[in-house]
Every structure is written in structure tokens, then in C-alpha cells.
Amino acid sequence: MIRFILVQNRQGKTRLEKWYSQYSNQERHKLKAEVHRTVASRDQKHQSNFVEFHNHRIVYRRYAGLFFCFCIDTNDNELAYLEGIHLFVEVLDSYHGNVCELDLVFNFYLVYAVLDEMILAGEIQETSRSVILGRLDQLSSLE
Amino acid sequence: MFEKSLTDLIQGLRANKRNEADYIQKSLEEIQSEVQQSDMYCKSTAIDKLNYLHMLGYDTNWANFNAVEVMASPRFGEKRKGYLAAAQSFHQETDVLMLATNLIRKDLASSNAMEVSVALDGLAQVATPELATDLFDDVAAVLGHSRPFIRKKALVCLYRLVLKHPEGLHALAPQLRERLDDPDPSVVSSAVSVICELARTNPHNYLPLAPRLYQLMNSSTNNWMLIKIVKLFASLTPIEPRLAKKLHGPLSQLICSTSAMSLLYECIHTAVVGDIIGVPLPVTDSVGREIDFAELCARKLVLFYESADHNLRYVGLVTLAQLQARRPELVVNQYETVLKCLDDPDLSIRMRALSVISGMATRRTLDRTVKRLMSQLILSNTIRLQPVASLPSVGTTEYSCKYNGDAADSDLIALATDATGASLVSARGSIVQSRQLTAAGPGPADSPEYRLLVVEAIVDMCTRQSYANLSNFEWYVAVLVDLVYSAGVDVGQLLSEKLLDVTVRVRQVREFSVRLMRQMLSDSQLASRAISGSSAAKVLCTAAYILGEYCSLLPANSEDIALLLPKCLDKLDGEQQATFIQAAIKAYTNWLRDVAGYWSTEIWELVRAVTASTMSQLSDLLLAKTDDNALSGNSAVAELPLQVSSRLRHFVEITKAVSVATSNPSESAPQLCLELHELFTAYELNPVSVAAQGKVPQPDGLDLDSPIGGPIPDTEHIMFPPPPPVSSEPRQRASQSGSGRKQRRGQKNEPFYLDGGDDVRHSHSLAELPDVDDIPVVQLDLGGQGSENATKTRSKKKKTRTKDGAAKRERRRRVQTPSPPLAPVDIAGDEDMPDVSAPLPQPQSQQTSPAQQ
């Protein structure tokens, strides 16, 4: 199961955070700083996308200046979650049309909506891009 | 009023990059006023902005109640903002959550599917045990909704609720079963996910679902679901072995046919972890040949860790480690590949490879593995390398230099890897610098966790199964000494234990070991690092012990004694100092005995000289601390520890005895010199196992339960009258054993026995205290002089103290000790004693009680 999801930029600013486990506020701060330290210093070309973190794993992927990090349990399939990250980014891309970091900043509640459609309670629940996009259209028509 | 919308806030933030904190403070104040307003739109915008600020790290808990208000808004957009705020910042303990219960219930029952969905989203995030209990049925009702995505969300949300409210599991389980047959594939997929998570903790409940899941696995093409199903089966197979046989076929099919690496990985992982490879049926691989399933898995795994993609390598190594735990023979032939992975720049890959390699250690491979690991440790930036002048210039790190006995005494020996893998020689403080070492930044080998793991792995590989893998013990000792220099982490304890272990257990290597220890002790760089508690200190301490214990194996050397009383001795802690001194005694006596074999006048002079210098060194050590005593005036701190001072004195006595024995030049060696070493060679010390004490048979007739002596005789009636027997009688009658009763009575009346529950003593009030009149008083007659002196001093000292003070003291003392008129007791100079010549008032209870306050 996913413990938390963080999207951070290279300077360490959080653009999106979603916590699927109980953490107090101080713990959250500490975790965010630690994740940034661990992930930002890794070399893309020579290192894998999986890092051991406390007793979980972080699966992360870097898109332009943003790091998308999923923190999962040790017995989960990391390759699957890597694909999950990619799916998430693809959905965001088709929804916004060439999404960039500013889009995420200004429409952050939409990003949360997308995330909620895809992942609920720490599990990936929808993997079809068309279905997610259809639902998002419904949502935006309601606004 | 013009309020800032979210976009304005963000734009403002970006514009005010320099004074961000101030801007945010201002905005927070604005938001505070905005949330108080009754206009829902205003409130919801404020909550929206708060969400954003929360993401930046600001605490927004003060607006919890307002968030719930916004959640109640009829408009969907605003409602969503409220739920988002709840999801982000509410904790388990947030008290406003209780207000939200009815709200969520209404939303769940709403006709608008969007509202239901947003409510489910929010609930899944913030579920508390109370909320879970209350809303469980509502969510379960939603499971029958017409829209599939609502069903899907409800399923996952129910899972979350069940985690907080375990009783709901009974209701959930049949629903899950139904949902597995749902026409919509995404609902099925969620059901599978939920079952997968639940089965991890409680697989038995979900075993009946296995046939349906099996069907799904064979029919579905959705990779995500397949991965989940396969993972599910991994938790089910341990409890149902027949399942393994059934899965055998489809799983191997999947492995051969799928192109998705993630699915392949999951299948192999399940096959290994779920022990499906234990099934002895052959399978057909992609080419149509029949091979063993385990072999198939191993072959496919090779694809993983030989690939250039680091991700695949990592997961491949993880599974390889699992495979190795179950079928080591399949993994052994992968040695070369894994050895390459050991040099990967990625630290996590290295650590995985390390664990696999250390499991693969055999006699043949141990050598190369250890050499590779050592070179990693040494060629990292943690060890500062210095060029060595006396060695020929070396272009590479590899050149042949075989160890032999002479080389040990030479000044410097270099680290070398022999082409034939013969031996690794030990290095001293300076190590040959490789020209190939580039000035790179800290690499993965510099991480202390990694280094620690490497050292532990090396030691573990060598000592496994009492050195089953070692063919050359001298090499092993040299490796340990090298590790002392090159470890860079605090492994002194481990290394010293291992050194001691191998030296004591393996007789043949003792001589080599002692030689190396002598070298280590004479290394001044290492000694400078040896402060109390450091790892170098522990190793040196063990080195001293070994040198002392087995110094008879080498030709005796009087410098050993100097080695064992080094200058840094006072920086070590007590135990270590004691070891050094004891070892020095052993070395000294050994040398004496050796030298006594070829006695002559020069030898006699030598003996006298060495004895004298040793004595002076020892007295320095003894006095050094006492000097500090005098200087600092703080005797408690600078005193020699007991074991150190006792051993020092032993040594001093021994040297004194020897100097007395050699006070006159003699023809032959004094008997003393020959025999002193017998002190230490009477018995050989052998290692003792931990369970040895338990094996000692108890001598016959030893009864540990009976009391050692008779009961303590009751002497209390001399000191105190017996206590009132009222409350003590039942207690005495209640006790069973005769001796116990007697003991207990004796204990009760013992004056200093503290019994928490026994309030016999507490029942004594002050009036019942034994009358002080009964205390026998002895008359002391010090002669008539005493009284005169006393009066004189009394008058003198009266000036320095106030009359009131003395009077108070006298009053106090009079009241506290209501004594009968005592005989005149005059002790010179002590004017605090009350004037006992006057008769004192008798004790009265009114006077005693205020005094007791």
C-alpha cells in the first residue's frame, strides 16, 4: 500500500502531498525534508529509481523539475508503482494539455481530484486513462 | 469587499519572493477574517487558500470548524474544497470530526453521484474509529450504487473503515465476494486489491475465494489486476499447499509469455516466496523444452540483473536474495555477475549484492570476494592515502607480493592482491596510493552504513560454521588487521573479538598473530588514535593481551615490555590499562626466563638495566595519578582504578624481587628468573562455551531451598518491650510453616526491618515508644578538670554566638531528649551539650508534638 505521495520541485518545495498513513505534523515536516534530501541527490543515469527509506521504499521519477515520489511498503511491486507514476503524469498531461509546474501550482485542487480518482486509501484503484478523464470532465462540468 | 481568490494569492506569493513570510502572515490574517463571514463563497475561497498554505507547511488547524462548515455547503465546488481541507489537515484526534458524521451521512445518501464520490474520498482519508463505526452501514449501502465508480470507491473506503473498526469485517467479506463477480472490471480490480491487503494479515478467511481468483487470473488481461492476484496468491500458498500445485501451470505460462517486466517480476517473486518452485513438476519453457520450474525462474531472473536498467537490477537482486535463501545451489553459478554488481554506483544495489554474495561464500570464492570488498573500503575517500617512499612506484593497485616471514619485520608492507590469490598481506598506517584513484567526490563506499555492512559481511563469511570456508588462517588474521586500519567505522569491538577468537582457537596461527600484534602495538599512528572508548583502543587492548599471553612463541625481546607500557596508557580506561599491565608482567617474566638460559655478566647487567627502567616506568605510572591528586586537590576523580593500581603494585614487587635476586653478579641465573614465568604457564586457557556452566552437575545433597542457618534468636526483648500483640495474632495464625512463622515474627520485631504492608509498627504512637528512662546510661568520670575547662570555653565562645540561638538549641535539645537527670558528663570543648547539672523537666506529650513538626 502507498504510505504517502509527494511531488516536490528541485528546491524542495512541495507541490502536492497526500498522506495515506497517520503522521503528526512534525513527522510530516521531517519526512518531507528527508525525502527531498534522499531523492534530489541521486543520479538519474546510474542509479535506480528505488530507494530504501526507513523500512519502506520510495519509488520516484523525475519529470523536468519535479520529483514524483511514492512511498510504498517493502513487499510491493516497485515496477508497478513506477508505471503508476507515469500514468498519473500522463493523465495530468492530457487534462491540462502540456502540463508544467505552474499548472500544478495554480490548479492544485484539480490535481488532488485526479489523484483521488486514481488512488484511494493507498491503493491504485483506476488504471484506465480514458475513464479517469471522462470523470474529470464530469467534475468540471459541475463547477 | 475585494477578497483575494486563490489565483491572486499564488500570484502574490510569487511576486513577493523576498518577503514571503510577511506576505503569508498578512494573508493568514485576511483569511482569518474571511472565514468568520457568513457568506459561503467567501468562506470557501478562504478555505481554498488555506489548503494551499497548508501545503507550504503552515499550520491551519485553527480553521477546522470552518472547514466543516464549508463541507456542509450545498454547492458542489465549495463542498469539495471543504473535504479537501479535511483530508489534508484533519488528524485522528481532531474533535470537529464528530460534527461531520451526519454531514457525511447525508452526502453519502445524496442523489448526486459526485457528492457521494467526494464524500467517500474524504471519508477514506480521515476515518477515525468513531466515524468508522457510525458510517459503516451507510457506506455498505452505497455498495449497490448504479454507478461503477461509486461502487469501486465504496469498496476501497470500506477497507479503510474496516481497519479502524474491525467488527465490520464480517459484513465486508460477503460483499467482497459479490463484487468479485461484478460486471465492471474496475470494481473487480478494486475488490482484488482490497482482498490482497486483507489477506496479508488474515489469509484463512480468503481461501474460499481462491477458485474465483484463479478464474480471474486465467481470463484477465489487465496487468494491474494480475499483479495483485499473483501477490494475493503469495500470501495464500503458505497455508494451502495444494494451491501451489494448481498455480504451477498458469504461473509458468505467465512467466514465459508476458512481456511486462513488472508482471514477470511479480510472478517470479511469488514463485520464490510462495514456494511454488518447491513443486517438483517440470514445465515447458518458451522453446518447448521441459525444465524445472525453479530453473526457469532463475534463468528469467538473470534477465533482470544483467540488464543495464538499474531498476531491474535492483529488483532482480532482491529476488535473487530470496531465491538464495531457499535454493542456494541455483544461485551459486551467478557469482561473477553479482560480483560485478558489487561495484555498481548505486548504494542500494550494492547493499543487495553484498547480502547475496556473502551468502554465496565458499572456499574458492572467499578470497576474491574479500579482496574486492577490501579494495572498495580502501580506495574510498574515507581513508587518506599517503605515498610511500620506500616502495617501488606502482602504477596499479595490483602487483604480486607474496608474504613471507621476513617481510613481517620490515618497515612497510603494502596491500597487494596476488594473481594466484595466495595471500593478502597486512598494511601499516601508510598505504600505497593508487595512481588510478581520481579525485572523485564521496562515493557509495564512503557511506558508514555500507562500510559497516561490508566489515560485518567479511567477518561473517570467514567465521561461518567455525571457519569452514577458510583455508589459510594467516591470511584471515592479516585481513582482520587490515580492517583495523581501513574500516573507517567503529568496529573495534567486533574485530578484537574475532582476533582473540581465532588466536585462541587455532593453535597454528598463534605465532603469526603475535608477530602482527607486536607490529600493531609499535605503530605510533594507531596508538595516537587510541583514546578511551575508541575502536583503536579496544583493538590495541586485545593485541596487548595476545602478545602477553603467547609471547613465549616468539624469541623474547625486551622491547616488548616497553611496547606494553606505552605512553598512551593513561588515556585508556581502567580495564584496558589493567590488560596492558598484566601483559607487560607476562612479557617481562618470559624475557627473564629466556635470558636466564644463557646467563653471563653482560646479561646480568642487561637484566639490571631493564629491571631498573621498568621500575622507574612503573613508579611514574603510579605517581602520575597521585601527582594529579595533589595538584587538583580532587582525589576522587584522579585516582587510579583499583585493578590498575593492584596490578601495578604486583609488577613493582616482582621487579623489586628480581633486583634483589640480581643484586650481586652471579655465575648462573638466579632461580627466581627461571621460575617467575611459571606464574602464568601453569594451565593453558581454553575457550569456554556459553552453556558450560549449565552443564556442571549439581553436587549431591545440595539443597538450595533450605535456610542456611537457624532462625535469628529473638533478642528484641532486651532492647524493646514486646509490641502489643492485638493485630499481630491473626497474622501469626495465618502463616503455615512453623519455621516461617518464627522467622516472620523475628523479622517483625527486628528494629530495622521495613515491611510495607505490616502496620504493627505504625500502630505505635509516640506515647507508646519505649520509655527512654529504660535506656541504660553509663557514667563517665573524666575528673574534676573537665567541668572547669568547659565553663571557660563556654564563656569564651558565647561571644561568637547569639544568646537566642544557644537558648533555642538548648530548648530543642531538651525537648527532643526528655532524659532523666544524667550524671554530669563534661567533654572538653563541646559547649553544645546542654547544661545537665540542672534537673530537666519530665517529658509531656504536649511538648513533644509541637517539636515533631
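Predicted model: local features only at pLDDT ≥ 70, side-chain atom pairs only at ≥ 80, totals over all residues.
Which residues do ring pairs link into a cluster? They are A:F4, A:W19 and A:Y23.

1. Across all chains, the structure holds 10 aromatic pairs. In one of them, the ring centres of A:F4 and A:W19 are 5.0 Å apart and the planes meet at 35 degrees, so this pair is tilted. Edge-to-face would need an angle over 60 degrees, and stacked one under 30.

2. **What the pair joins.** A:F4 sits in strand β1 of chain A, residues 2-9. A:W19 belongs to strand β2, residues 14-19. The pair therefore ties together parts that are 15 residues apart in sequence. In the strand pairing, A:F4 also stands opposite A:W19.

3. The relative accessibility of A:F4 is 1%, so A:F4 counts as buried. A:W19 has 5% and therefore counts as buried. The cut-off for buried is under 20%.

4. **The hairpin.** β1(A) and β2(A) pair in the antiparallel sense, with 5 bridges. Together they make a hairpin, with 4 residues between the strands. In the turn, A:G12 has a positive phi of about 100 degrees.

5. **The other partner of β1.** β1(A) also pairs with strand β5 of chain A, residues 66-72. The sense is antiparallel here too, over 7 bridges. Within this pairing, A:Q8 has A:F67 as its bridge partner. Of the 8 residues of β1(A), 7 are buried, so the strand is largely enclosed by the rest of the structure.

6. **A ring pair within a helix.** A:F108 and A:Y112 form an edge-to-face pair. Their centres are 6.3 Å apart, with 80 degrees between the planes. Both residues lie in helix α4 of chain A, residues 108-118. They are 4 residues apart, about one turn of the helix.

7. **Chain B: make-up and burial.** Chain B has 41 helices and 2 strands. Its 853 residues include 46% that count as buried.

8. **Chain B: contacts and surface.** Take the contacts in chain B between residues at least 6 apart in sequence: 68% of them join residues at least 24 apart. The accessible surface of chain B is about 44000 Å². Carbon and sulfur atoms account for 54% of that surface.

How values were computed. Residues numbered from 1 in each chain as written. Chains lettered and ligands numbered in written order. Heavy atoms only, no water. Phe/Tyr/Trp six-rings, centres within 6.5 Å; stacked < 30°, edge-to-face > 60°. Buried < 20%, exposed > 50% of the residue type's maximum accessible area, 1.4 Å probe, protein only. Pairing = 2+ DSSP bridges. Contact = heavy atoms within 4.5 Å. Areas by Shrake-Rupley, 256 points an atom, 1.4 Å probe, with all protein chains shown as cover.
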